[in-house]
Amino acid sequence: MAQRNTWQRDRVRAALSGSPGFVSAQDLHASLRDDNTGIGLATVYRTLASLAASGEADQLQSPEGEAIYRACSSEGHHHHLICRSCGTTVEIQATDVETWAQRTAAAHGFTRAEHVVDIFGLCAACSEAAR
Ligand SMILES: [Zn+2]
Ligand SMILES: [Zn+2]
Ligand SMILES: [Zn+2]
């Protein structure tokens, strides 16, 4: 797919990398606006969705149902353990899940199967604090 606005994509990706933790499209748009980039909110939404689709960003649903994003520190396909309380995210490989997903898809005649598996919970520190 041709990328017509590569500099905008680079700019959005850089802003995302510079953000600590997860941010919404609005948050990111606000920080880009402070830099006078002229990048519109619609472009930020579109770019974030495309970064998430290509595995360069993590996309999650906030408790309010809003899509939030984070620059991914791992390359390629992986899964996440996410703390519901503080947002700490651990990137994990899940070989068992890959095998299971492929086998299950194949058993139903599905090809090109993809999946998203993230585990939400309380991290060690938050578990300790909640005790
Ligand atoms: Zn990730
Ligand atoms: Zn936590
Ligand atoms: Zn997987």
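An α-helix has 3.6 residues a turn, so residues three or four places apart point the same way.

This is a predicted model, in which local features need pLDDT of at least 70, side-chain atom pairs count only at pLDDT 80 or more, and totals for chains, interfaces and linings use all residues. Residues are numbered from 1 along each chain as its sequence is written, while chains are lettered from A and ligands numbered from 1 in the order in which they are written.

H1 covers residues 6-17 and reaches 16 Å from its first C-alpha to its last, close to the 16 Å expected, that is, 1.5 Å times one less than its number of residues. Contact here requires C-beta atoms, placed from the backbone, within 7 Å. Helices (H or I, at least four residues) and strands (E, at least two) are DSSP runs numbered from the N terminus.

Two of these partners, S2 and S3, belong to an open antiparallel sheet of 3 strands in the order S1-S3-S2; strands count as paired if DSSP finds at least two bridges between them. S1 (23-24) and S2 stand at the edges, each with a single partner strand, so one side of each is left without a neighbour in the sheet. S2 and S3 are joined by 5 bridges, and glutamine 59 stands opposite tyrosine 69 in S3. H3 lies across S2 and S3, at about 110 degrees to S2; such angles run from 0 to 180 degrees between N-to-C directions, with axes fitted to C-alpha atoms, for helices over the stretch in contact.

Further along, S4 (residues 79-83) and S5 (residues 89-92) pair in the antiparallel sense over 4 bridges. Leucine 81 has valine 90 in S5 as its bridge partner. The hairpin has 5 residues between the strands, and glycine 87 takes a positive phi near 85 degrees.

Note on methods:
Contact = placed C-beta atoms within 7 Å.
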